[in-house]
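Open the model in your viewer and keep the selection tool at hand. The tour below moves from one selection to the next and says what is there.

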Amino acid sequence: MAASTSTATATAEVTAATTATATATATATGKVGALPEVAAPQEVAPKDARSLSKLFFEQLALLEEGTQEYQYARNTLIEMNMSLVRYAAGRFRGRGDMEDITQVGMIGLIKAIDRFDLSREVEFTTFAVPYIVGEIKRFFRDTSWAVHVPRRLQEARVELAKATDELSSRLGRAPKVSELAALMNLSEEEVMEAKIAANGYTSASLDAPIDGSGTSDGDDAFADLIGAEDPAMERVEDFHALAPLITALGERDRQILHFRFVDELTQAEIGERLGVSQMHVSRLLSRALASLRRGLLTTE
């Protein structure tokens, strides 16, 4: 164990010395592409990475995008600054798989490298960390919610939780909507909307037992308590079964059915429109309905 530690320390010292020498050489030459060869960029100490990153950014601005030298400079910058990702990801420890969080943070680091401009005279670390943290927060915002809700409601949920905790501690009871609205500078309707949206953060299976035990040994499930049989569903099925049967009727029969059941005309009014007696309309209507009835019984 001691030998391993000594070896790691010696390697780090050699890497630092090589980095410092290479940096001085590259700075002295001042040529495009005169970049130091960094054997293990991910092992460069943060303080060395800051000075070395500045050199790489200076050269990156002069290199043509897509060239081998450009890719080398960009990739080295990414590897040298991975410690920033680990630092930012540590703030979210316990909120998910750290490997996933780190991978998302790397996306933020790459975006920061591609958008960094030395002319702003800002340290890269100062510029990059907000990008990394923002990317991780966006990841949680987009994947943590069981039901997607607008971003303003997601943010309102966080503020609502803070306001609820503060007022509960101050008042010694659950706060009223009006009290929350006053503290959050929102209307009562907006507070209620945030409360409703907060229900979408987590979800439970409809098959989960009501007691939350996780077992279904004879316990009632949520699905047993919600929903009811819709009587209109049977009517929908009848409509679908009737459609081809009505299409198969003659044109006059279809017209009589339309007058009677859509326009809700009496048999006498239908007779006037068709130029026939009310008695004849009754016979035609009875025949059409009998045909449809037989068709439905056959279908069933």
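Is Arg170 buried or exposed? Select it and show its surface: Arg170 counts as exposed, at 53% relative accessibility. Keep in mind throughout that this is a predicted model.

**Stop 1: within helix 7**

Glu166 and Arg170 form a salt bridge, with their closest N and O atoms 2.5 Å apart. The two residues are 4 apart in helix 7, which means that about one helical turn separates them. Glu166 is partly exposed, with a relative accessibility of 39%.

**Stop 2: from helix 7 to helix 9**

Now select Arg152 and Glu193. Here too there is a salt bridge, and its closest N and O atoms lie 3.1 Å from each other. Arg152 belongs to helix 7 (residues 151-171) and Glu193 to helix 9 (residues 188-198), so this pair ties together parts that are 41 residues apart in sequence. Arg152 counts as exposed at 51% relative accessibility, while Glu193, at 31%, counts as partly exposed.

**Stop 3: helix 6**

Go to helix 6, residues 124-143, and select Glu135 and Arg138. Their side chains meet in a salt bridge with an N to O distance of 2.8 Å. The residues are 3 apart in the helix, so about one helical turn lies between them. Glu135 is buried, its relative accessible area being 12%. Arg138 is partly exposed, with a value of 34%.

**Stop 4: helix 2 against helix 3**

The crossing of helix 2 past helix 3 is left-handed.

Finally, show the side chains where the two helices meet. On the helix 2 side, the residues in contact include Leu52, Phe56 and Leu60. On the helix 3 side, Tyr70, Ala73, Leu77 and Met80 are among them. Sorted by class, this contact has 10 nonpolar, 2 polar and 1 charged residues.

Methods: Residues are numbered from 1 along each chain as its sequence is written. This is a predicted model: local features need pLDDT of at least 70, side-chain atom pairs count only at pLDDT 80 or more; totals for chains, interfaces and linings use all residues. Side-chain values use heavy atoms; hydrogens and water are left out. A salt bridge is a side-chain nitrogen of Lys or Arg within 4 Å of a carboxyl oxygen of Asp or Glu. Buried means under 20% relative accessible area, exposed over 50%, partly exposed in between (1.4 Å probe, protein chains only). A crossing is left-handed if the near helix is turned anticlockwise from the far one by less than a right angle, and right-handed if clockwise. Contact means heavy atoms within 4.5 Å. Ala, Val, Leu, Ile, Met, Phe, Trp, Tyr, Cys and Pro count as nonpolar, Asp, Glu, Lys and Arg as charged, and the others, Gly among them, as polar.
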